[in-house]
Amino acid sequence: MTARFSLLPSPFLDDPGRPRVVVTQGEDPYATALAALAAFDLGPARGCRVLIKPNAGRVAPSGSGIVTDCRVVAAACDAFLAAGARVSVGDSPIVGVRRTEALEASGVAAVAQARGCPVLDLDARRYVEVMLPEGVALDRLRVCPEVLEHDLVVSVPVMKTHMHTGVTLAVKNMKGALWRRSKVELHMLPPVPGHTERSLDVAIADMSAVLRPQLSLMDGGVGMEGLGPSAGTARSLGVFVAGADAYAVDAVACRLMGRQAEAIAHLRLGAARGYGVIDLGRIRVAPADFARFAADFAPVPENLAVAFPGVKVLDEASCSACQSTLMLFLRRYGKELVEYFPDRRPIIVAIGKGIEHVHPGTLCIGNCTRMHRANGIFVSGCPPVGSSILRAVTGAPEDPDPDPDPVP
Ligand code: SF4
């Protein structure tokens, strides 16, 4: 089914030109997140169908910094239930994670069920194709149907750095509303003419035309720094950020992470299109001195050889999908890789469409490097998964617990 979709304005946004954002800090994620939401009149949600959309894309426990803490989701459920809403909870995980497995592993499913809130498998039904008349990198999206059927969507992300997009916060969290493997397509787009930004960032801004939450509640209790969104280091900050303008929430979260929202391409592009406000001078933040809670989140390492000593990556025009595969592979199997190449330093890995020459023994990752298979160790796939790389290197049998498609 193809649909034109008009995004409903947020009933919680009193002044779109000067959005309000509330920051709370404390040790109890439930109470502190609830206090952030308490600053907003949720009365307009009465009788509405509300979808709580956490970041539950990966199988990880609450408090790991990888997924939204279930206690924050519990706070969102309770606040909207108290307002008289009909509340559901759901997410579409990254490809390879079994349906509601991530919601169960984080405890989100349990806290929702304990409150009588349905836990939705957003990938169970067929997608709705939504047109993007003003899209630049994309002209349509495949969206999980429940996301469009609810009256209100609440983005409940966890505060993380991201290897491709700088950060992943309330705006990008909505990428989990894309159906099954269609998320991967955003990582494999060609460069966008006239744009210096990655096509992924342009695509996220395109997505934001139709997938913007009416309210956001950021879990900065324990976030992630460094090699996010899944291979970084947990960072405890104890902050929670709420607001009706997801861009404004993200701008404040960026400040709390030691970043500037203007430096985050998808936020800058989306704000320029009028999807939200990232100028801190126009955002009414309470408390005004919220920056006292800030910490400098370690950036994503630019040099993989530093993050993974002994490995040199040749990357010529790769997609973020292959980059993700490689990063997660190195994170999970890097030590074993070094053992299989005891005499070779550095171990050379090649990814991307533009690799012209490789030295003998190079690990060639992804179909784009197929032409070099006679000269190295070739791993097919577009993108391949990490367990395939390990099998190619070791000749090991099929992994009974394969790592998921790594595209965040
Ligand atoms: S093999 Fe990797 S770099 Fe090549 S198109 Fe596929 S994902 Fe992109």
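Biologist: Before we start, what should I know about the numbering and the model?

Modeller: Residues are numbered from 1 along each chain as its sequence is written. The model is predicted, so local features need pLDDT of at least 70 and side-chain atom pairs count only at pLDDT 80 or more, while totals for chains, interfaces and linings use all residues.

Biologist: How many helices and strands does the chain have?

Modeller: Helices (H or I, at least four residues) and strands (E, at least two) are DSSP runs, numbered from the N terminus. Here there are twelve helices and 17 strands.

Biologist: What radius of gyration does the chain have, and what would a compact globule have?

Modeller: The radius is taken over C-alpha atoms, and the globule rule is 2.2 Å times the number of residues to the power 0.38. For 408 residues that rule gives a value near 22 Å, and the chain agrees with its 21 Å. Along the principal axes, the C-alpha trace spans about 65 × 45 × 40 Å.

Biologist: What share of the chain is buried?

Modeller: A residue is buried if 20 or more other C-beta atoms lie within 10 Å of its own, exposed if 12 or fewer, and partly exposed in between, with C-beta atoms placed from the backbone. By that count, 55% of the 408 residues are buried. Met224, in strand 11 (residues 215-225), is buried because 26 other C-beta atoms lie within 10 Å.

Biologist: Which residues touch the most other members of the largest nonpolar core?

Modeller: A nonpolar core is a set of buried Ala, Val, Leu, Ile, Met, Phe, Trp, Tyr and Cys residues joined through C-beta atoms within 7 Å. The largest has 105 residues, and Val73, Ala76, Cys77, Leu217, Val241 and Val252 touch the most other members. Another core lies apart from it, with 30 residues, including Met327 and Phe329.

Biologist: How many residues of helix 8 and of helix 9 are buried?

Modeller: In helix 8 (residues 246-256), eleven of eleven residues are buried. Just after helix 8 comes Gly258, with a positive phi of about 80 degrees. Helix 9 (residues 265-272) has six of its eight residues buried, so it is largely enclosed by the rest of the structure. Its cover includes helix 7 (199-207) and helix 8. Gly274 follows helix 9 and has a positive phi near 90 degrees.

Biologist: Finally, which residues are closest to the ligand?

Modeller: A residue is near a molecule or strand if its C-beta atom, placed from the backbone, lies within 6 Å of it. The ligand is surrounded by 13 residues, the closest being Cys319, Cys322, Gly366, Cys368 and Cys382. The shell holds eight nonpolar, four polar and one charged residues.

Notes. Nonpolar A, V, L, I, M, F, W, Y, C, P; charged D, E, K, R; others polar. Contact = placed C-beta atoms within 7 Å.
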